[in-house]
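I opened the notebook for a quick look at this model. Here is what I looked up, in order.

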Amino acid sequence: MFEGWDAVVLARAQFAFTMSFHIIFPAFSIGLASYLAVLEALWLWTGREVYINLFNYWLKIFAVAFGMGVVSGIVMSYQFGTNWSAFSDKVGPVIGPLMAYEVLTAFFLEAGFLGVMLFGLKRVGPKLHFLATLMVAIGTLISAFWILSANSWMQTPAGHAVNADGQFIAADWLKVIFNPSFPYRLVHMVLAAYLTTALVVGAVGAYHLLRDRHLAGPRVMFSMAMWMATLVAPLQIIAGDQHGLNTLEHQPVKIMAMEGHFHSHKDGAPLILFGLPNQAAGRVDYAIEVPKLGSLILKHSPDAPMAGLDTVPRENWPPVAITFWSFRIMVGMGLLMLALGLFSLLMRVRGALYDSRLLHMFAVAMGPAGFVAVLAGWITTEVGRQPFTVYGLLRTVDSASPLAAPAVASSLIAFVIVYFIVFTAGMVYLFRLMAAPPHPGEQGPSSEAPTRTAGITPAAGAVAEGAAR
Amino acid sequence: MIPIDLPTIWAFIIAFAVFVYVVMDGFDLGLGILFPLFPEKRDRDVIMNSVAPVWDGNETWLVLGGGGLMAAFPLAYAVLMPALYTPMIVMLLGLVFRGVAFEFRWRTTKERNRWDVAFFGGSLLATLAQGIALGAILQGVHVEGRQYAGGWWDWLTPFSILTGVSLVIGYSLLGATWLVMKTEGELRDRAYHLSWVLLLSMLGAIGAVSIATPFLHVQYTQRWFAWPNILLTAPVPVAVAAITVFLLRSLANKYDYQPFFLTLALFALSYAGLGISMYPYIVPQSITIWQAAAPENSQIFMLFGVAVLIPLILGYTAWAYWVFRGKVKPESGYH
């Protein structure tokens with residue numbers, strides 16, 4: 001079986017599949033860890049019960065999501081060796097240390113303090129517990145720092161040399177770590193993680209407000225989430241624009257694919273809104289385009305000349321259709337987030353933040369938008385740098401392990417089956433947790449059943465929580 | 001003698017990370033393997049809770065072992081991972097089931113049994129795969145140039161099966177002695193009983209692997225039995241015998257805290273024995289630590305981080321264990 005298959009294509013499919021599953025969880029837990037730290041800080045500062053209820057409510061969700069992120073992440077750290085051993089041998093000396101620093105500075109910090117964060121409030125007291133929460137939140141951000149540095153180095157390699165064995169080695173570690181695309185990618189991804197979390201929190205809040213607009217917990221979380229959308233969505237669009245300009249400077253071919261620019265334009269390139277990129281024919285079929293807007297956005301001048309894929313040898317073209325479409329999906333999601341942020345601001349100014357059913361329904365619908373945008377964005381940047389693993393220097397086909405197709409196909413099938421079983425169950429449990437509103441006396445993961453609030457009826461709880469406001 | 005240079009220092013760092021992983025996740029995985037022997041929900045809750053706050057940190061040492069190997073000895077990582085392809089994938093999938101079971105089993109009543117089975121199956125598979133991988137490394141892999149050149153079933157031999165089963169026994173013993181330390185009453189008594197059986201099995205396994213290893217390569221035989229090496233190697237089996245005596249005594253006298261730490265000592269000795277067999281090869285009979293070493297500036301760059309951060313990590317990890325010290329009581333149950 002699978003003898004006729006291409007082992008490299010299968011290995012790429014495996015990486016894409018396992019990575020796509022994995023990125024969902026860090027994108028959520030980076031933002032959620034920070035949100036939990038904010039909630040606990042507000043609780044310690046104001047003493048209001050609603051904050052600790054929200055903290056415990058989201059902590060249970062965090063525990064499940066974090067667990068799935070951990071187990072899918074370990075797979076990634078070994079996949080470099082199993083499926084991409086040639087890459088590991090050649091690039092290990094440069095990106096290996098970056099990932100080792102991620103483990104030493106981030107993974108241990110998160111894992112070491114997670115136990116106290118989840119189960120230790122009564123044992124260590126509020127202040128030490130808050131320290132643990134902070135450490136976990138900081139750990140997720142340090143993790144993002146190192147892994148995005150490693151990824152960015154593969155996109156825009158800098159500060160390296162090549163030794164006699166054909167391995168990349170670092171000539172200047174600072175240049176390796178702070179390579180040209182890294183600051184842009186880091187900002188863009190961290191903002192994406194915050195937005196993703198805000199949209200989930202906002203959707204859960206809105207869902208419960210649709211059922212009962214007087215619940216204290218959902219009101220607080222919805223308001224906080226909508227502030228994030230209002231403030232961060234525009235920031236993210238600016239960050240994305242800057243990241244795009246940086247890509248144009250260092251990876252122009254990726255931009256050509258994102259824009260569908262098969263042809264060069266001497267006096268102003270159009271912005272192709274939609275169309276069907278036809279890689280074989282080297283054109284975009286049925287293109288709907290705005291003249292000169294492409295140059296205006298990318299060069300900030302309508303008549304600036306722009307080179308197209310016709311200036312690049314065909315064997316160096318990335319898959320254009322995937323890059324083109326995933327980019328549009330990401331941008332579309334970003335614009336919808338901007339719309340949600342502005343709409344919620346309008347309702348807030350009018351004093352209707354907790355009353356507008358339309359806003360709440362919009363927010364519920366936008367719950368998954370962050371994940372869609374994150375996945376689409378990563379597909380854009382990863383597919384767009386093909387056919388290289390280290391941009392311009394190491395081709396993907398020269399990076400794979402010396403494995404036959406049956407081995408890679410079997411493991412791919414095993415991953416698909418296991419991930420669907422495990423992560424479907426995980427999603428069901430997450431949705432179940434989110435479907436119940438936070439209630440007074442909410443317990444963290446330390447309580448086994450969600451109904452430990454014996455003695456407090458829901459009605460009495462609502463009154464108590466109302467009084468706490 | 002052993003020279004002090006960067007690759008040697010790094011070989012010890014990686015060996016240290018892997019050893020910490022083996023003993024720390026060893027008892028987590030051991031608890032998973034023993035799970036079917038404790039069918040009562042009450043017992044299972046206690047068993048889970050005894051490691052729930054720390055298992056994630058324990059597993060992180062595996063990431064350091066793998067990531068550190070890629071960074072410090074990229075050639076060894078690039079050769080060993082494809083050679084151990086199937087055991088590695090099985091281990092990863094086993095760890096997926098084991099890891100999510102920690103969270104999922106508290107989120108459902110109807111499907112709890114299913115996640116208990118996943119916890120057991122995942123732990124058993126991951127352990128077997130790790131033991132098999134160890135055996136496959138010891139017996140050597142086929143290398144050409146800078147690549148693995150064997151097939152994807154080369155790892156499967158009677159010897160690797162032996163090491164796989166031995167590790168299952170070893171982790172189970174770690175798990176059982178952990179329970180002796182962390183639980184009370186009837187649960188602890190059963191853990192004592194299991195520890196006896198598992199300790200005797202473990203001694204058999206150590207004996208079998210020790211006898212089989214010299215037959216793999218003449219180099220292993222010379223390393224252990226040639227003069228004057230034997231002056232340095234002979235204390236290892238003597239120490240194993242001594243630890244065994246202490247361990248048997250602590251089990252007989254019911255000193256709750258001793259069996260676990262003595263089992264750790266037994267692991268440390270077995271591990272030292274492996275090191276004696278392998279050194280200075282990182283891929284036995286093919287690639288030495290010097291051949292596989294990353295360029296000096298990669299190893300130096302990371303050494304700064306390791307020197308500062310590992311003590312820090314050990315510090316806050318110890319704190320986390322301290323916070324959750326003592327016997328786990330069924331009613332107190334965080335979780």
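**Ground rules.** I am working with a predicted model, where local features need pLDDT of at least 70, side-chain atom pairs count only at pLDDT 80 or more, and totals for chains, interfaces and linings use all residues. Residues are numbered from 1 along each chain as its sequence is written, while chains are lettered from A and ligands numbered from 1 in the order in which they are written.

**Helix α1(B).** I took helices (H or I, at least four residues) and strands (E, at least two) as DSSP runs, numbered from the N terminus. Helix α1 of chain B covers residues 6–34, and its 29 residues should span 42 Å at 1.5 Å a residue, taking 1.5 Å times one less than the number of residues. I found its end C-alpha atoms 41 Å apart, which agrees. I also noted a bend of about 35° at G26(B), the angle between axes fitted to the seven residues ending there and the seven starting there. Of the 29 residues in α1(B), 22 are buried (20 or more other C-beta atoms within 10 Å of the residue's own, C-beta atoms being placed from the backbone).

I see β3(A) (271–278) and β4(A) (283–290) running antiparallel, joined by six bridges; pairing takes at least two DSSP bridges. F274(A) has I288(A) as its bridge partner. Four residues separate the strands, and G282(A) in the turn has a positive phi of about 70°.

**Contact.** I count 58 residues from chain B and 58 residues from chain A, with C-beta atoms, placed from the backbone, within 7 Å. On the chain B side, α5(B) gives the largest share, 13 residues.

How values were computed. A residue is buried if 20 or more other C-beta atoms lie within 10 Å of its own, exposed if 12 or fewer, and partly exposed in between; C-beta atoms are placed from the backbone. Two residues are in contact if their C-beta atoms, placed from the backbone, lie within 7 Å.
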